[in-house]
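Take a first look at the chain shown here. The report below walks through its sheets, its helix pairs and a few details of its loops.

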Amino acid sequence: MGTFKIEGGVQLKGEITPQGAKNEALQVLCTVLLTPEKVTITNIPDIIDVNKLITLLKNLGVKIEKLGHGAYIFQADEVNLGYLESEAFKEEGKSLRGSIMIVGPLLARFGKGYIPKPGGDKIGRRRLDTHFEGFINLGAKFRYNKEDYFYGVEADRLKGTYMLLDEASVTGTANIIMAAVLAEGKTTIYNAACEPYLQQLCKMLNSMGAKITGVGSNLVEIEGVEKLGGCEHRILPDMIEIGSWIGLAAMTRSEITIKNVSWDNLGIIPSTFRKLGITLERRGDDIYIPAHADGYEIQNYIDGSILTIADAPWPGFTPDLLSIVLVVATQARGSVLIHQKMFESRLFFVDRLIDMGAKIILCDPHRATVIGHDFKSQLKGIMMSSPDIRAGISLVIAALSAKGVSTIQNIDQIDRGYERIDERLRALGAKITREA
């Protein structure tokens, strides 16, 4: 496992372009299994989790041609279904949580889909019930091997139906939609997730010949079709990375421009950071953040009570940015309550921030109160380990703002979600080195 050594307290400056969205890539890459025709996808991020999925597709027999950085042609005209029951698949599949999204397309096109219990971040329990209940509603038979932790669904032909999801799961909704596009008849999904990345998936499927309406709402209707064709698709910029760079600029009091952010797909992300007192300017499709020489002040509610920032399904605030907001608040003027509703372990990284000198009260596994330093007391560099992708980048931001040198271990977690992060930060002037 590699480490980052970071010398903090350095003001940064320059432009940075966000990578393609990891969460969208993990969905749209799986659509290639729905057609024997060629599918071209661009702006694919070069990160561990996405590359693992591309390798998995290749091992399934998908023909893959790399056109250039982040650009590939996929063709699934000779899929090897036998690979699904191999020991190699059981090992590869369980190392990537996104592998669950191959099940819907395989079930729809080939009548069966298998997956080992997927891994991923250690951020709390993330159940798969929504996925499999959706497949069962479409007529699939479910089986589970407890000894091997191996899931399977099979069906001769899926049939459209009405379903009310028990949670607005993004990956669950995506998987069910990919299964339903080739089902017989009409499928209605109520309480569907509606994140921009899911909207992108639906737009891509429609360009392949699917008939999906209600895109962007929580009521999605799918008229099943006999087959899908090829298409070309470009992945959106990663909104989580964009939020990370906003936090980086504020914490290091740096003047940074984030290029080509797709403003119209950012939802309440900019306004949430503004509630922390951060100045953001829209310049075309870029975000300009000036150096906050005088710091930034958290807004209270209009009655004077302390601000609460909580995660919620889209168009609410994404849970993936709560750790960034928490770190940014450590140097704000004022206090804020961070409420992480969805995952019970994602706030446990705050003990590292407390060791660095942050004033944080961990109320329970889901809530933390942050009392900002207003830059009157710098965080100090320490040795720490990255517990997951989002906490990892938050610790990098904290280290870049801190006094002294920080060492961050287990950076493979960070590399799973952020492309060449050390190189890109050095281009802004950061003093960060990677060691084996």
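In which sense do S11 and strand S12 (residues 219–223) pair, and over how many bridges? The pairing is antiparallel, and three bridges join S11 to S12. Within this pair, Lys-211 has Glu-223 of S12 as its bridge partner. This comes from a predicted model.

**The overall chain**

The protein chain holds 14 helices and 23 strands. Its C-alpha atoms fill a box of roughly 65 × 50 × 45 Å along the principal axes. A compact globule of 436 residues would have a radius of gyration near 22 Å, and the protein chain has 22 Å, so the two agree.

**Two open sheets**

Strands of a sheet pair through backbone hydrogen bonds, in either a parallel or an antiparallel way. S11 and S12 belong to an open sheet of four strands. The order there is S9-S10-S12-S11, and the pairing is mixed. Strand S9 (162–164) and strand S11 (211–213) are the edge strands, each pairing on one side only. From one strand to the next, the twist averages 15 degrees.

Another open sheet has four strands in the order S2-S14-S16-S15. Its pairing is mixed. Strand S2 (13–16) and strand S15 (281–283) form the edges, and each pairs on one side only. Here the twist averages 20 degrees from one strand to the next. S2 and S14 pair in the parallel sense, over four bridges. Lys-13 stands opposite Glu-255 in S14.

A helix lies over this sheet. Helix H8 (residues 239–251) lies across S2, S14 and strand S16 (286–289). H8 runs at about 170 degrees to S14.

| Helix pair | Angle | Axis separation |
|---|---|---|
| H4 (residues 103–110) and H6 (residues 170–180) | about 15 degrees | 7 Å |
| H10 (residues 322–329) and H12 (residues 389–401) | about 20 degrees | 8 Å |

How do H4 and H6 run relative to each other? H4 and H6 pack at an angle of about 15 degrees. That makes H4 roughly parallel to H6. Their crossing is right-handed. On the H4 side, Val-103, Gly-104, Pro-105 and Ala-108 make the contact. They meet Asn-175, Met-178 and Ala-179 in H6. Sorted by class, the contact of H4 with H6 has five nonpolar residues, two polar residues and no charged ones.

Now take H10 and H12. Angles under 35 degrees count as roughly parallel. H10 and H12 pack at about 20 degrees, and are therefore roughly parallel to each other. The crossing of H10 and H12 is right-handed. H10 contributes Ser-323, Ile-324 and Val-327 to the contact. H12 contributes Arg-390, Ala-391, Ile-393, Ser-394, Ile-397 and Ala-398. By class, the contact of H10 with H12 has six nonpolar, two polar and one charged residues.

**Two loop details**

Where does Pro-315 sit? Pro-315 is in the loop between strand S17 (307–310) and H10. The peptide bond from Trp-314 to Pro-315 is cis, with omega near 15 degrees.

Ser-262 also sits in a loop, between strand S14 (255–258) and helix H9 (269–275). Ser-262 is not a glycine, yet it has a positive phi of about 55 degrees.

How values were computed. Residues are numbered from 1 along each chain as its sequence is written. This is a predicted model: local features need pLDDT of at least 70, side-chain atom pairs count only at pLDDT 80 or more; totals for chains, interfaces and linings use all residues. Side-chain values use heavy atoms; hydrogens and water are left out. Two strands pair if DSSP finds at least two bridges between them. Axes are lines fitted to C-alpha atoms, for helices over the stretch in contact, and angles run from 0 to 180 degrees between N-to-C directions. Angles under 35 degrees count as roughly parallel, over 145 as roughly antiparallel, 65 to 115 as roughly perpendicular and the rest as oblique. A crossing is left-handed if the near helix is turned anticlockwise from the far one by less than a right angle, and right-handed if clockwise. Contact means heavy atoms within 4.5 Å. Ala, Val, Leu, Ile, Met, Phe, Trp, Tyr, Cys and Pro count as nonpolar, Asp, Glu, Lys and Arg as charged, and the others, Gly among them, as polar. The radius of gyration is taken over C-alpha atoms; the globule rule is 2.2 Å times the number of residues to the power 0.38.
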